[in-house]
Amino acid sequence: MLVSTPSRSAKSAEGSMIPSTFVTHADVEAVDYRYLLCGLNDGGVAIYDTSTVKEGRVYAEAGVARGGQRGGHKHAVQCIQWYPADTGLFATSCGDKTIKLWDTNRVKPVDQFKLDCCVGQHHMSPVATKHSLLAASADT
C-alpha cells in the first residue's frame, strides 16, 4: 500500500511528477492498528485510515494539517507519536524548537512546548498511569 501525501507535485527534469511533500516519520496506533499517523517534511501532519483503501492502492486520509497552517510546524516533523493511553491525542517534534500536542479529531495543536534547542526525537511513556512523561532528545 502507498500513502499519498496531501500536497502539490512538481515535474522532474524527465517530465514525471514527483511529490513535493513526503513522510518523514510515522506511527500506527496501538489500539486497533487502524490509523497511520504521518509527520511530513513541510511541517504538517496527516492521518490515514488503513482500513479504507481508495484507488485500489492508497489509504484514505482521515485528517490533514499542512505545514505552517493550522498550527503545523515550520520545518520537517522529526518525530510523531500517538499518546499511548488515548488515540485522541498525539505529539510531534521538530527542528523549529517545539514539541506540539495535537487533538486528533480536529487535527489541530492544543498545546506546545518551546525549547531552546532543536528537538530530534521524543517519546511518551507507555507505562505512566498517574502522570504523562514525555522525554525529548535535542541538538544543542
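Predicted model: local features only at pLDDT ≥ 70, side-chain atom pairs only at ≥ 80, totals over all residues.
Local features need pLDDT of at least 70, side-chain atom pairs count only at pLDDT 80 or more, and totals for chains, interfaces and linings use all residues. Residues are numbered from 1 along each chain as its sequence is written, and side-chain values use heavy atoms, with hydrogens and water left out.

Lys97 is not a glycine, yet its phi is positive, at about 70 degrees. Lys97 lies in the loop between β8 (89-94) and β9 (98-103). Strands are DSSP runs of E, at least two residues long, numbered from the N terminus. The relative accessible area of Lys97 is 37%, so this residue is partly exposed (buried means under 20%, exposed over 50%, partly exposed in between; 1.4 Å probe, protein chains only).

Val107 also is not a glycine and has a positive phi, of about 45 degrees. Its place is the loop between β9 and β10 (108-114). Val107 is buried, with a relative accessible area of 5%.

Val107 belongs to the largest nonpolar core, which has ten residues. Such a core is a set of buried Ala, Val, Leu, Ile, Met, Phe, Trp, Tyr and Cys residues joined through side-chain atoms within 4.5 Å. The other members include Leu37, Ile80, Trp82 and Phe90. β5 (45-54) and β7 (77-82) each supply at least two residues of this core. The largest share, three residues, comes from β7. A second, separate core has seven residues, including Ala46 and Tyr48.

Leu37 contacts Ile80, Trp82 and Phe90, among others, not counting residues up to four places away in sequence. Contact means heavy atoms within 4.5 Å.

Key. Helix = DSSP H or I, 4+ residues; strand = E, 2+ residues; numbered from the N terminus.
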